[in-house]
Amino acid sequence: MLKINTKEQYCEIVDEFADLVYRVAFQYFLNKYDAEDVVQDVFEKLLTNKEKSFTDKAHVKAWLVRITINRCLDIKKSARVQNEVALDDHDIAVNDEMQELAEVIKLLDETDRNIIFLYYYEGYTIKEIAKMLNEKQNTVNSRLTRARKKLRKILQEEEAI
């Protein structure tokens with residue numbers, strides 16, 4: 001069992017998973033400000049949830065992703081976001097090779113974008129994604145297949161231009 005009781009343990013978890021939490025949150029909002037707020041909220045929840053114990057680091061990672069998704073959904077439901085306009089649009093990818101694909105991924109709807117991100121960028125299996133999103137495996141698999149087809153179609157249309 002892994003319990004996060006000390007400052008050092010907490011800092012180690014933050015160092016290891018902060019980028020992951022940020023990337024998941026960014027997929028929901030497509031702006032760094034809301035994503036940064038979510039990162040802060042998620043790690044605050046981890047810090048205040050002293051009774052939570054984990055089986056291993058993979059369990060910590062899955063818990064953080066699930067909490068991040070839940071927090072993003074809560075914020076999206078709130079009236080605050082419904083009345084906000086993003087100040088800027090930051091890129092998902094870091095290197096130039098992935099920039100074009102990242103721009104195309106931004107064109108997908110939120111659910112497709114998140115499944116693509118979790119599957120390809122974070123390396124989760126369909127079973128793990130289904131558990132995180134509280135969906136059936138077949139549903140996630142179908143959405144992943146549809147998202148791939150949408151991406152393929154968009155990329156083929158861009159090549160034809």
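The largest pocket has a volume of about 300 Å³. The model is a predicted one, in which local features need pLDDT of at least 70, side-chain atom pairs count only at pLDDT 80 or more, and totals for chains, interfaces and linings use all residues. Residues are numbered from 1 along each chain as its sequence is written, and side-chain values use heavy atoms, with hydrogens and water left out.

A pocket is an open set of points on a 1 Å grid over the protein atoms alone, where a 1.4 Å probe fits, with protein on both sides within 12 Å along at least five of seven lines; lining residues have an atom within 4 Å of a point. The lining of the largest pocket consists of K52, A58, H59, K61, A62, W63, R66, Y124, K127, E128, K131 and M132. Two or more of these residues come from each of α3 (57–77) and α7 (126–133), and α3 gives the most, with 6 residues. By class, 5 lining residues are nonpolar, 1 is polar and 6 are charged.

Helix α1 (residues 7–29) packs with helix α2 (residues 32–48) at an angle of about 140 degrees, the axes lying 8 Å apart. The crossing of α1 past α2 is right-handed. In this contact (heavy atoms within 4.5 Å), α1 contributes residues including Y10, F17 and F29, and α2 contributes residues including K32, V39 and L47. The contact residues divide into 17 nonpolar, no polar and 4 charged.

Note on methods
Grid points are joined across faces, edges and corners, and a volume is the space filled by probe spheres set on the points. Helices (H or I, at least four residues) and strands (E, at least two) are DSSP runs, numbered from the N terminus. Ala, Val, Leu, Ile, Met, Phe, Trp, Tyr, Cys and Pro count as nonpolar, Asp, Glu, Lys and Arg as charged, and the others, Gly among them, as polar. Axes are lines fitted to C-alpha atoms, for helices over the stretch in contact, and angles run from 0 to 180 degrees between N-to-C directions. A crossing is left-handed if the near helix is turned anticlockwise from the far one by less than a right angle, and right-handed if clockwise.
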